[in-house]
Amino acid sequence: MVISTGMNAVNDDIVDINTPQAVPLANLPKRQTELTGNTVGNTHSDNPFMVAEDVNVYYGDNHAIQHVSLEIGKKEVIALIGPSGCGKSTFLRCLNRMNDTIETARVTGNITLDGKDIYRKEQDPVALRARVGMVFQKPNPFPKSIYDNVAYGPRIHGLAADRAELDNIVHSSLERAGLINEVKDRLDEPGTSLSGGQQQRLCIARTIAVNPEVILMDEPCSALDPIATARIEDLMDELCEDYAIVIVTHSMQQAARVSKRVAYFHLGLLVEVDETDRIFTNPQHKLTEDYITGRIG
Amino acid sequence: MNDNSTTRQKVEAGLPRRRRKEFAFKTLGMLATAVGILFLGVFFASLVADGWSAFKQTYLQLDIELSEDVIAPGGELDLAYADFDGLVRSALRKELPDASGRRDRRELYRIVSVGAGYQVRDLLVANPELLGTTQTLWVPASSNIDMLIKGNIDADLEEALRPVSDKQVAWVESLREAGRLKTRFNTALFTNGDSREPELAGIKGAVMGSLYMLLVTMMLSFPIGVAAAIYLEEFAPRNRWSDLIEVNINNLAAVPSIVFGLLGLAVFINWAALPRSAPLVGGLVLTLLTLPVIIIASRAAIKSVPPSIREAALGLGASQTQVVFHHVMPLAMPGMLTGAIIGMSRALGESAPLLMIGMIAFIVDVPGSLTDPATALPVQIFLWADSPERAFAERTSAAIIVLLGFLLVMNLTAVILRKRLERKW
């Protein structure tokens, strides 16, 4: 699907110009043989907090994620990378059961949070999402004031006993999201009046106001300029002292900068997981190497 | 380079044709708009031209002697049997003494409205001490005289071809010369119920009937419609059943309104034994009529709430109900309200279903409750349009102007509400 023989045959010369180190197609690993569903590298974490075992996701008849097993450590940043449509966002959305909202989606396998199955019957997805927060690709502040945006989570979960405590939570969340200096005089203004990067930090503040244990980030910087991206990345460095962060990203540089471990997805399979340094210097799998060197994607 | 220039030549060769097409299409569009505006202008102009005179009414001034001998022979005023018309008639005879003989007098009496007697009665009821005095009163002229004054009946026609006799024309002329005839604002049109006499007929009964019906419709169809839309959009599983429901709701919106009237007749009146001609039943029928409109508009409004807002709330751990009430409802409310008001204005203009449930009855009294017999504005318009008296023609147009005024106000409200509640993100 990703590697099209027809295209390469026609544009042979172009491929040679752009990627002089290109390997002839015949030398590329065949998917049928290489994509066996076995993950290479090391899916285990030293200090596992969220554990996915043999996770499959079906959208109707489409088997979107196949037999994925992955451990996510406490206070660790793990990056999910891979070409578009490889299932990394789908896997991310399994971790806080956001896939429940898609009617045709069906999830099998086991995902545990702190040793407890999050798909068990007694698990209320509402309670789960308070523990596993999420930041989305496009900044999506509510059309309410900055204050109300951050206060919304604590309000619905009843985290603050009175107004003073709520004020406190809002201020500290904005502070940790590095936004307080920019907005402290205009908390009553709508959250949508902020710039894109500020909006995304507002969304992060909103997420950490609920004090989750894991933060899922679905390409949080893809709509931002490089300066805003750098700020968010700095923020992640600070946040990982308290939270486990799972980030989906299309930017190899970002994965290299912020994450401790990297998982490479391909066509619904988890191909390789390892320490970030090893993935980028010595990938075990041919597909991983092709992707990080820019040959497929 | 050579390739580029030939490409440019080809593009330029095609340009005039493109411009011609664009011009033709623009002209067509402008023509279509102009035709629409023209029709609308003709419609409004004719409506106002026909209807504006109904807002005025001709009155005659009479010196009426409130003689005790005629209306209170025993010293007691008997409202049921006292001959108030007799007082008016004797005042007329005194004013125009040249009418002699029965035929003449009968013609003479016809220049004043039968409402004059009621006016005298009401005056005496309010002020009993006036008994025995002579009062100068302005009483309404009969509708034919009113038409004559307004020029709707041509006095130059042959006598046999007009409902006003030569003598009546002469009397009216002499009254006018004496300064005892004038036209002034027709308050009766707004304060009276229906009447067989055009000069006494008003729209208050119909307006109140319409308001009561709209009240019932609004109280029922908005909450039910919004609740149904929210359930179908946010909670209902997508399967064959919900598809079936969706198709049926869309079909219901297209069902001819008279069918809803039949349903109301069968269910609300025959089965549930609710009173006929009542605004309550009318409101229930109009609820059925507007529900699909409101459901469809509300679902569209809910669908237009960006999914990112839902995801944001869900991701924070809001329950489905919290997502709906905290985020979806406030954002969808302008659209829902607009749909509701558009449904309401459709209900206000509806007459066919009301015919089936007896709201076409001739009802003089202004309804005071949801179960009183009533008509509605569009039905009143139909009734008046159907009446033979010349004076009802202008009143029909006047009632249409009032109805359109109501519709305009409702639609303006919808626009203002939408502008006010709309939030940007």
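Which residues of H16(B) are buried? They are Leu377(B), Pro378(B), Val379(B), Gln380(B), Ile381(B), Leu383(B) and Trp384(B), where buried means 20 or more other C-beta atoms within 10 Å of the residue's own, exposed means 12 or fewer, partly exposed lies in between, and C-beta atoms are placed from the backbone. Please keep in mind that this is a predicted model, in which local features need pLDDT of at least 70 and side-chain atom pairs count only at pLDDT 80 or more, while totals for chains, interfaces and linings use all residues. Residues are numbered from 1 along each chain as its sequence is written, and chains are lettered from A and ligands numbered from 1 in the order in which they are written.

**Chain B as a whole**

- Chain B holds 17 helices and three strands; these are DSSP runs numbered from the N terminus, with helices being H or I of at least four residues and strands being E of at least two.
- Chain B has a radius of gyration of 31 Å, well over the 22 Å that the globule rule gives for 425 residues, so it is more spread out than a compact globule. The radius is taken over C-alpha atoms, and the rule is 2.2 Å times the number of residues to the power 0.38.
- Along the principal axes, the C-alpha atoms of chain B fill a box of roughly 105 × 65 × 35 Å.
- Of the 425 residues in chain B, 37% are buried.
- Among the contacts in chain B with a separation of 6 or more, 76% join residues 24 or more positions apart; two residues are in contact if their C-beta atoms, placed from the backbone, lie within 7 Å.

**The enclosed helix H16(B)**

- Helix H16 of chain B covers residues 377-385, and seven of its nine residues are buried, so it is largely enclosed by the rest of the structure.
- The packing partners of the buried residues of H16(B) are helix H9 (204-235), helix H15 (352-356) and helix H17 (390-421) of chain B.

**Helix pairs in chain B**

- Helix H12 (residues 279-303) and helix H14 (residues 320-348) of chain B have axes that come within 8 Å and cross at roughly 150 degrees. This makes H12(B) roughly antiparallel to H14(B).
- Here the axes are lines fitted to C-alpha atoms, for helices over the stretch in contact, and angles run from 0 to 180 degrees between N-to-C directions. Angles under 35 degrees count as roughly parallel, over 145 as roughly antiparallel, 65 to 115 as roughly perpendicular and the rest as oblique.
- H12(B) and H14(B) cross in a right-handed sense; a crossing is right-handed if the near helix is turned clockwise from the far one by less than a right angle, and left-handed if anticlockwise.
- The residues in the contact of H12(B) with H14(B) comprise 15 nonpolar, six polar and one charged. Nonpolar covers Ala, Val, Leu, Ile, Met, Phe, Trp, Tyr, Cys and Pro, charged covers Asp, Glu, Lys and Arg, and the others, Gly among them, are polar.
- The axes of helix H11 (residues 257-271) of chain B and H12(B) come within 9 Å and cross at roughly 130 degrees. H11(B) and H12(B) are therefore oblique to each other, and their crossing is right-handed.
- On the H11(B) side, the contact includes Phe260(B), Leu263(B) and Phe268(B), and on the H12(B) side, Val281(B), Leu284(B) and Leu288(B) are among the residues.
- The contact of H11(B) with H12(B) counts nine nonpolar, three polar and no charged residues.

**Where the chains meet**

- Chain B brings 17 residues to the contact and chain A brings 22.
- Helix H13 (307-315) and H14 of chain B each supply at least two residues of the side of chain B that touches chain A. The largest share, six residues, comes from H13(B).
- By class, that side of chain B has eight nonpolar, six polar and three charged residues.

**Features of chain A**

- Helix H9 (residues 196-208) and helix H10 (residues 226-239) of chain A have axes that come within 9 Å and cross at roughly 20 degrees, making H9(A) roughly parallel to H10(A).
- His67(A) lies in strand S3 (residues 62-73) of chain A; its phi is near 50 degrees, a positive value in a residue other than glycine.
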